[in-house]
Amino acid sequence: MCSQLRHAGYSVVALKNEYGIIGALLTKGNEIHVAFDEKVSHGTIRRHIRDSLGKMIEKYGHAVTSVRKQNEKGLRFCERLGFVKTGEKNGAIQMRCDRCNYA
């Protein structure tokens with residue numbers, strides 16, 4: 001999977017804690033996605049993505065992501081970070097963040 005993402009132009013950063021890899025942060029320009037083990041607290045994940053999201057917003061003025069429409073937990077998580085819904089495309093909610101709530 002990682003080779004496909006690199007081919008698509010995404011940078012992949014492993015998110016780690018004292019127990020090992022707990023997720024991954026994927027970025028491409030001002031687009032950001034995060035995948036993580038649901039057993040890990042959202043606070044731990046927020047700490048990992050706070051710096052990357054803040055730097056992205058500083059560089060591009062905003063960040064974008066998309067979340068599958070049926071992924072209610074993912075949508076709530078993004079909204080807590082500061083993302084707002086901007087549209088819908090192919091079963092995914094498009095979102096934009098102008099300021100991270102945890103930066």
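These legends accompany close-up views of side chains in a predicted model.

**View 1. Phe 36 and Phe 77 form a tilted aromatic pair.**
A pair of aromatic rings is described by the distance of the centres and the angle of the planes. One aromatic pair is counted here: the rings of Phe 36 and Phe 77 sit 5.5 Å apart, centre to centre, with 55° between their planes. Phe 36 belongs to strand β3 (residues 31-36) and Phe 77 to helix α3 (residues 72-81), so this pair ties together parts that are 41 residues apart in sequence.

**View 2. Lys 69 and Glu 88 meet in a salt bridge.**
Side chains of opposite charge can pair when their charged atoms come close. Three salt bridges are counted in this model, and the one in this view spans 3.4 Å from N to O. The pair links distant parts of the chain, 19 residues apart: Lys 69 is in the loop between β4 (63-68) and α3, while Glu 88 is in strand β5 (residues 84-89). Lys 69 is partly exposed, with a relative accessible area of 47%, and Glu 88 is partly exposed too, with 48%.

**View 3. Lys 85 and Glu 79 are joined by a salt bridge.**
Here the side chains come together with an N to O distance of 3.7 Å. That distance qualifies because a salt bridge needs the nitrogen and the carboxyl oxygen to lie within 4 Å. Glu 79 has a relative accessible area of 36%, which makes this residue partly exposed.

**View 4. Asp 98 pairs with Arg 96 in a salt bridge.**
Take a look at the side chains of Asp 98 and Arg 96, where N and O are 2.9 Å apart. Asp 98 is partly exposed at 46% relative accessibility. Arg 96 is also partly exposed, with a relative accessible area of 33%.

**View 5. Asn 30 makes a polar contact with His 62.**
Asn 30 is found in the loop between β2 (20-28) and β3. Its side chain reaches that of His 62 through a polar contact of 3.1 Å. Setting aside neighbours within four places in sequence, Asn 30 is in contact with Met 56, Tyr 60, His 62, Ala 63 and Val 64.

Definitions and conventions: Residues are numbered from 1 along each chain as its sequence is written. This is a predicted model: local features need pLDDT of at least 70, side-chain atom pairs count only at pLDDT 80 or more; totals for chains, interfaces and linings use all residues. Side-chain values use heavy atoms; hydrogens and water are left out. Rings of Phe, Tyr and Trp (its six-membered ring) pair if their centres lie within 6.5 Å; planes under 30 degrees apart count as stacked, over 60 as edge-to-face and the rest as tilted. Helices (H or I, at least four residues) and strands (E, at least two) are DSSP runs, numbered from the N terminus. Buried means under 20% relative accessible area, exposed over 50%, partly exposed in between (1.4 Å probe, protein chains only). A polar contact is a pair of N or O atoms within 3.5 Å; within protein, one must be able to donate a hydrogen and the other to accept it, and residues adjacent in sequence count only if both atoms are side-chain atoms. Contact means heavy atoms within 4.5 Å.
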